[in-house]
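The following report describes the fold and the packing of one protein chain. Please consult the sequence and the structure shown here while reading.

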Amino acid sequence: MTLPLYLAPMAGITDQVFRRICFQHGCDFATTEMISAQGFLTAPKDRNAYRFLLARFPDEGPLAAQLFGSEPHFMAPAAARLTDLGLFTAIDINMGCPAQKVVGGGAGSALMKTPEIAEKIVRDVKKSTFLPVTVKMRLGWNDESKNALDFAKRMEDAGADGLTIHGRTRMQQYSGKADWETIARAKQAVSIPVIANGDIVDGKSALECIRVTGCDGLAIGRASLGNPWLFAEIKAAMAGREYTPPSYQEVMETAMNQAREMLAWKGEKSAVLEMRKHFSWYIAGRRGAAQLRTRLNLATSFQDVEKLLQELI
């Protein structure tokens, strides 16, 4: 059994540096961080925020551009412009983000409350691009309005080429247990590919999710933070092979390589600030991690960070 593994989009995390590391360890497909359709169309072309969001290494694997917004007249032309860049293999529409700043404008998982708008967005985006158009969604807005099955069918009817379903409602955010059984029912309700997302944290949980959902692939998000080797672990489980986790030295070398690439890409100040969260994930569970995390958060130079991490090797 071999199913494709996706790196789920995570704002502020799934940039080109982290994506490449995940591809190196078994990820098959990835998605950019969320791109605001309106912002992308109206921001100056040389604005750093969009330059960084759209950056990709030539040796990355297949990459979808993820768009968010609630207005079809912005979403369609933004998808067309992203297509014209020639960088992406698909357009993914975010209908799953639970962040207040996204849903407050009617985008992300708020679109599950307005399926007629969601349908129009998919139809219009489909007309604007020759790339496959996929949708990232949740089970619904809350427990009283779980509409994943109807919503999935409506997305298929609107022309979506695939769905990624996170097994929680918007109000759950990332708490509670992912409902794989509802993902299974949604999978049975449509004929397009369905990628399961939520609570896939190791090889064992990956196999169980596949068994329960009958999905066409798995999307890995938060569990990959500090552990890009998770993709290799899941592939070993699917192939029935033993998996050997990385040594702590390999973990630290990967963390430092990521930091060096960030340094070359964004400069020292941004690299040190952005890597703080990644370093915290890489050292999680190690003896002295809490104290080291505090010291890392106070470090202001790449040299200081490197010295601190060397202490744990």
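## Strands, helices and cores

Lys 136 has Thr 164 of strand S6 as its bridge partner. The model is a predicted one, in which local features need pLDDT of at least 70, side-chain atom pairs count only at pLDDT 80 or more, and totals for chains, interfaces and linings use all residues. Residues are numbered from 1 along each chain as its sequence is written, and side-chain values use heavy atoms, with hydrogens and water left out.

Helices (H or I, at least four residues) and strands (E, at least two) are DSSP runs numbered from the N terminus. Two strands count as paired if DSSP finds at least two bridges between them. In this model, 8 strands close into a barrel in the order S1-S2-S3-S4-S5-S6-S7-S8, with parallel pairing.

| Strands | Sense | Bridges |
|---|---|---|
| S3 (residues 63-68) and S4 (residues 90-95) | parallel | 4 bridges |
| S5 (residues 133-137) and S6 | parallel | 4 bridges |
| S6 and S7 (residues 194-197) | parallel | 4 bridges |

The chain passes from S6 through helix H8 (residues 180-189) to S7 in a right-handed β-α-β crossover; right-handed denotes a clockwise path from the first strand over the helix to the second, with the strands pointing away from the viewer.

Strand S6 (residues 162-166) has 5 of its 5 residues buried, where buried means under 20% relative accessible area and exposed over 50%, with partly exposed in between (1.4 Å probe, protein chains only). Gly 162, Thr 164 and His 166 lie on one side of S6, and Leu 163 and Ile 165 on the other.

A nonpolar core is a set of buried Ala, Val, Leu, Ile, Met, Phe, Trp, Tyr and Cys residues joined through side-chain atoms within 4.5 Å. The largest contains 68 residues, of which Leu 163 and Leu 218 touch the most other members. Another core, of 28 residues, lies apart from it and includes Phe 52, Phe 57, Trp 265 and Val 272.

In helix H14 (residues 302-310), the residues Phe 302, Val 305, Leu 308 and Leu 309 are buried. They fall within an arc of 125 degrees seen down the axis of H14, so they line one face of the helix; the arc is that of the directions from the helix axis to the C-beta atoms. Gln 303 and Lys 307, on the other side of H14, are exposed. The cover over the buried residues of H14 includes helices H11 (248-266), H12 (268-283) and H13 (289-298), contact being defined as heavy atoms within 4.5 Å.
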